[in-house]
Amino acid sequence: MSAITTQPAQPQPQVDVQTPNVLDFLRRLWRNYYVKVFIQGLITIWAVTTFTFFMIRQMPGSPVEAKIDELMTRQAMTYEEAYRATATLFNFDPDRPLHLQYFDFLSGLVRGDLGDSITKGGVSVTSIILRYLPWTLFCVGMALVISFSLGIVMGLAMGYWRGSWFDNLITTISSIISGIPDYIMALLIILIFGVQLQWFRIGDVRGGVDPNITPGFTFEYIASVFKYALLPMLIYVLSSIGTWTLSMKSSTISTLGEDYITVAKARGLSQRRILTDYVGRNAMLPLVTRLAISVGFVVGGSVIIEEMFQYPGLGRNLYIAISGRDYTTMQGIFLVITAAVVFSNILADLAIGWLDPRVRLGKQEES
Amino acid sequence: MKRLFLVVGLLILVFGVVALPAAAQDAPEGTWLGTWPYSAPGTHNLNSFAAGGLNDNLGTVYRVFVELTPAYYMYASDEYFGLLAESWGFNDDATAYEYTIKEGAMWSDGNPVTSQDVVDTFSVGRILNWTQWTFLDSVEAVDERTVRFNFQEGGASRNAERLILKEYVVSSANYGDLAEQARQVVADGKTSDDAEWQALSTAIEEFRPESLIASGPYTYSLDDVGEAFMTLHWQPNSVFSSTVKFGDLKLWAGETEQTTPLVLSGELAHSTNVYPPATVESFAQAGIRLISISRGYGPVLLFNFTVPPFDNKLVRQAMAYAINRDQNALLTNGLGASGTVYMSGILDSLSPTLLDQSTLDALDHYPNDLDAAAAKMEEAGYTRNDAGKWVDADGNMISVEYTFPADFADFSAAARDATAQLNDFGFDITERALPWQEAANAIRISDFDLSVWSWGSASPFAYQNFNNPIRRWTVQLAEDQPGLKLDISNIEYEGQTYDLNDMILNVSNGLDTAEQHERADLIAKILNEGMYYIPLNEMLSVEPMNESSIGGVPADDDPIYKNPTGSDHPMIYLIFTGVLYPAGM
């Protein structure tokens, strides 16, 4: 018979079971590359926004003073007339402490409220951005796509057939036009083709669309939108295509020296395949980052060009806001530009990883 | 047969009587092609009192075409021309001012313009702290068309008259409720420090009329506001609807840079923008007629009085002698400027009217005289060093900065030329170009040695002329802004101390012209002797007037061109009276 003996209770060994908690979850989340990049982006936006908030308020002249100076100088008003026309009209209290203005701004921002324009009573900054952003995105965005695409194709051809007449001609033209500022180009086009040669009526290319056409998804309206965007787009394309072309040419030449191109040629692959799959794809990589940055800056438009053509874009509004010291509108537009630049950089990062597996691998190892 | 003729005759008569007035009310043909930097669609509203409203969008030149003022001032004859008012004047003891609205004056909604509209206008203005309420006690309707403005003690003046007669009148149909609330707030004894007053001020600012009710011959809706241009359309109910000759006023958006090509291409007939001399020359070469009117101001050299040696009157006088103002004018704005002659503190175009001839003769006109300038410098204790530069007893040169707004072509040209001339004379001045907002702010906060801004005013009164720049940059500033750092309440002149601030404030008070002259004469002498600022030149507004679009443009010597730009711009009178018409009419 066996005796049943009772073993004294042994202390249970501690089982190393990880209890899920918030901190661990956050730690794991932080290790995720995409989340990390996204949060870094948000922090960058907050930092830039805070910086610009304080910087623009350090600009000399308050909205009220700027308006009085403007009215006296440009409208020949007396001081009393200018003061009266200005002082009571602005929704702005210059004596409110700066830190309270900042907290007002932040609390509004959290609620998605960018406040009202100081100089345009009762008009919200969000409505200004929503009204004008699409025009800039369309015009500058379309121009960027065109100049990038054309620049890539021409640069590729120039690099591949280096020294040809085509290469020499386009290199010369690109060098010249990339050295001319866009506003000079716009002025020349207006004065030569509009005033001297009278190929078009200057008034007919101002604005965003023919005001006599009822807005709607009609051929007439869309055609008018394209017509009015044509000249600004042409100027954006002309002023930026030279840089894309020359950069792509340079990148192509450097890629052509790689061993895998020699191997591809030795394998007897068609010229077209070598050009597109081997040279083009690899030569384009350095330009993707620049494209992403450019996409970010699309949002800001081109201040001078939009002003010259009275194009209803965000850049023109930024110019007006800066001139009038409209802090809230400036703040809102800077926020949108900052967000666009930050997130387009993130997208560029991701796109590079997608295009170039070596970069993706590096990131995985890092994380 | 006879009866048939009779019936036909009667019918013709009846239709004629009915049809003729209708024909007279047809919109005129042709379009006025002007420009104004109005607010873009989306930020544009039809509130007469708010930012982004009529004042911003139509400015001093075009607003009167939709909202009439009682009168328009003619500089050549020193008389008012009635717009909304048919008669006006002070009462016998100058305790009140009255004007009567023209019989038949109507709003675009078909209602008559009444004295209640005027009372409501000023009731709303009171909440907005209008200048008029610094001298007015009350505004009341005497009858359907007559309004009385009761002055505070000593409030009557010709300046007060102007501020009453130049105020745009708004419709009670739009603003009556707000005006009623305004009167209630005042009746309750509230002041601008009270929450009720401030809340009403905000309500006025936020009010958005659905439509514009116009008393002028033109009106518009928000649909007429485009990105590139806005259009004011003729309306039949105004007292001026039958005299104006343009069916539309088309206003291109933009400033000088945007409007220049439009002028050259003939798509813009008249512009009030400031064009640089080279652009004006290109207009002339293109065959575009140019008219010159006073701009009501010119560039002035301003001193920081705490920066030596500008606290020394002799040095300031020497500088006035050393600068060739005719050259400065030419470089400032080509033929569109003239060197200051009288140095009286009042524009040359107004000095003979506002000052006595004996005073004008007695003033030092500071002709360009380098010997006289050198003598003043030596009297101030300066000598020339080997390099020809003026140095004080310790050998210090006058090394200072001249701040100017880089983006104002006229002011920057004036400042740069003055710098060059003074350096040639023996100063050591460095140019400091800033964006215009920063340049203005530098004066406010005293962050400058020498600077440039405007002097004079497009006003027919001595007060506004003297006010700019000396009061504007010393007392009309925030508490923490020292400006020129000049104590204008203690100014020495011929052994006596004067409160120049007080003197300028009161110079145009009262109705006695002789007394006003006497006060203005003394101020002119004080300013002239002390040279507290150097008025470099008086600018003209050289404005394109394309006669291929506009007919009837008066000859260059027409008295109407005595009027300056601003709210008394000659075009206002010429359009209202039908002198100007579409070319080819």
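In the predicted model, the largest nonpolar core comprises 174 residues, of which Leu301(B) and Phe427(B) touch the most other members. Helix H9 of chain B, spanning residues 313–322, gives the most to this core, with seven residues. When neighbours within four places in sequence are left aside, Leu301(B) is in contact with Met319(B), Ile323(B), Tyr402(B), Ala418(B) and Leu422(B), and also with Leu450(B), Ser451(B), Tyr533(B), Ile534(B) and Leu536(B). In soluble globular proteins, nonpolar side chains tend to be buried together.

The contact between the two chains draws on 60 residues from chain B and 48 residues from chain A, and about 4600 Å² is buried between them, with 53% of this area on carbon and sulfur atoms. One salt bridge is found across the interface of chain B and chain A; in this pair, Arg316(A) is joined to Glu227(B), with the closest N and O atoms 3.3 Å apart. Polar contacts between chain B and chain A, counted where both residues have pLDDT 80 or more, amount to seven residue pairs.

On the side of chain B that touches chain A, at least two residues each are supplied by helix H2 (54–62), helix H7 (256–264), helix H15 (436–444) and helix H16 (462–470) of chain B. H15(B) gives the most to this side, with six residues. Divided by class, the side of chain B that touches chain A holds 24 nonpolar, 25 polar and eleven charged residues.

Note on methods: Residues are numbered from 1 along each chain as its sequence is written. Chains are lettered from A and ligands numbered from 1 in the order in which they are written. This is a predicted model: local features need pLDDT of at least 70, side-chain atom pairs count only at pLDDT 80 or more; totals for chains, interfaces and linings use all residues. Side-chain values use heavy atoms; hydrogens and water are left out. Contact means heavy atoms within 4.5 Å. Buried area is the accessible area (1.4 Å probe) that two parts lose on being put together, summed over both. A salt bridge is a side-chain nitrogen of Lys or Arg within 4 Å of a carboxyl oxygen of Asp or Glu. A polar contact is a pair of N or O atoms within 3.5 Å; within protein, one must be able to donate a hydrogen and the other to accept it, and residues adjacent in sequence count only if both atoms are side-chain atoms. Helices (H or I, at least four residues) and strands (E, at least two) are DSSP runs, numbered from the N terminus. Ala, Val, Leu, Ile, Met, Phe, Trp, Tyr, Cys and Pro count as nonpolar, Asp, Glu, Lys and Arg as charged, and the others, Gly among them, as polar. A nonpolar core is a set of buried Ala, Val, Leu, Ile, Met, Phe, Trp, Tyr and Cys residues joined through side-chain atoms within 4.5 Å. Buried means under 20% relative accessible area, exposed over 50%, partly exposed in between (1.4 Å probe, protein chains only).
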